[in-house]
Structures are given as C-alpha cells and as structure tokens.
Amino acid sequence: VSLSPSVGRVVNISSMLGRMANPARSPYCITKFGVEAFSDCLRYEMYPLGVKVSVVEPGNFIAATSLYSPESIRAIAKKMWDELPEVVRKDYGKKYFDEKIAKMETYCSSGSTDTSPVIDAVTHALTATTPYTRYHPMDYYWWLRMQIVTHLPGAVSDMIYIR
C-alpha cells in the first residue's frame, strides 16, 4: 500500500509536568508522563504510514482555565481529610495537611491568563507542513526549568530546585 506523505495528524495535549515531576502533583504528573510515552510510541509506529504525531506541553495556565478555585480545593481537602484512616491522620497531622492545601490554593491564581500560545501551538501542529514533535507554550522561566530538569543530571536539578 502506497500512502501519500502526511496522510494524518495526531496532536496530544500533555503538560510541562509530563517531562518533569513536581511536588504534590504526583497523579497529574503520572498521567502526563504517560501521554508523553504514548505519543512517542505512536509517532514511531505511525511514521511509516505518513501520520505525524505531535505533543503540546503547555506550561502553567491554571489561572486561565479556572479549573480550580480555593473553594473547590477546600471542599476536596475536607472530604479527603474526613475519609483518611485515623492512622494516616496521626502520621501526617492536620498542620502538615493544611499547609499543603494552602499551597494548592496559591496555584489557583498562578500562571498565564493568555491561552493564545497554546491555541497557536495546536494550530501549527495541525496545519504545518512539518509540525514539531513537541511544542512548549509556556513562560520562559518554566521553559528554562524544563530544559534543566530534562537535560542535566538529576543531582544538578535537585540542587537548584529542591535543596
């Protein structure tokens, strides 16, 4: 079977947190790392068929999406705390739990409110003759941090970001 060049496109939306881990976001990071791996495998598998696969890895656009609000975070946190086994509550303590919830609440207003870089990246991935493998619509700080975390030894990024 002979297929014409570029017979199709797949554009998956991942996240910068699909390339670098972040505290208190384990479930999110795990799913986005999975999207990255799936996209890479699919790109290899579809290449002989002329299907181009791209991944859009947006940075922090929480403020633009309104996915979270302090009220929704508090409601989820209350439910989590109420359903935790007593032994877990004792191990971590209410103070630790409340500190983590307060940190999550600060994310609600963080990041860019302009989603046009994400829309532009998706548009390019869908329409360009030669789309990129990965798109990075994000602030320069996050782009630089992602480069450091993904390209330098773990000891270096650990020294910068967690010590």
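**Pairing of β2 and β3**

In what sense do β2 and β3 pair, and over how many bridges? In this predicted model, the pairing of β2 with β3 is parallel and spans two bridges. Within this pairing, V55 is found opposite R134 of β3.

**The sheet**

Strands of a sheet pair through backbone hydrogen bonds, and the pairing can be parallel or antiparallel. Here the sheet is open and has three strands in the order β1-β2-β3, paired in parallel. Its edge strands are β1, residues 8-13, and β3, residues 134-135, each of which pairs on one side only.

The other pairing is that of β1 with β2, which covers residues 51-56; these two strands run parallel and are joined by six bridges. R9 stands opposite K52 of β2, and I13 stands opposite V56 of β2. Between β1 and β2 the chain passes through α1, and this β-α-β crossover is right-handed.

How many of the six residues of β2 are buried? Five of them are, and β2 is thus described as mostly covered.

**Helices on the sheet**

Helix α1, made of residues 26-46, lies across β1, β2 and β3. Its direction is at about 160° to β2. Helix α5, made of residues 116-127, also packs on the sheet and touches β1, β2 and β3. The direction of α5 makes about 155° with that of β1.

**The α6 and α7 pair**

Two packed helices are described by the angle between their axes and the distance between those axes. For helix α6 (residues 140-151) and helix α7 (residues 154-161), the angle is about 140° and the axes are 8 Å apart. Angles over 145 degrees would count as roughly antiparallel and those of 65 to 115 as roughly perpendicular, so α6 is oblique to α7.

Which residues make this contact? On the α6 side they are Y141, R145, I148 and V149, and on the α7 side S157, I160 and Y161. By class, the contact of α6 with α7 has five nonpolar residues, one polar residue and one charged residue.

Note on methods. Residues are numbered from 1 along each chain as its sequence is written. This is a predicted model: local features need pLDDT of at least 70, side-chain atom pairs count only at pLDDT 80 or more; totals for chains, interfaces and linings use all residues. Side-chain values use heavy atoms; hydrogens and water are left out. Two strands pair if DSSP finds at least two bridges between them. Helices (H or I, at least four residues) and strands (E, at least two) are DSSP runs, numbered from the N terminus. Contact means heavy atoms within 4.5 Å. Axes are lines fitted to C-alpha atoms, for helices over the stretch in contact, and angles run from 0 to 180 degrees between N-to-C directions. Buried means under 20% relative accessible area, exposed over 50%, partly exposed in between (1.4 Å probe, protein chains only). A crossover is right-handed if, with the strands pointing away from the viewer, the path from the first strand over the helix to the second runs clockwise. Angles under 35 degrees count as roughly parallel, over 145 as roughly antiparallel, 65 to 115 as roughly perpendicular and the rest as oblique. Ala, Val, Leu, Ile, Met, Phe, Trp, Tyr, Cys and Pro count as nonpolar, Asp, Glu, Lys and Arg as charged, and the others, Gly among them, as polar.
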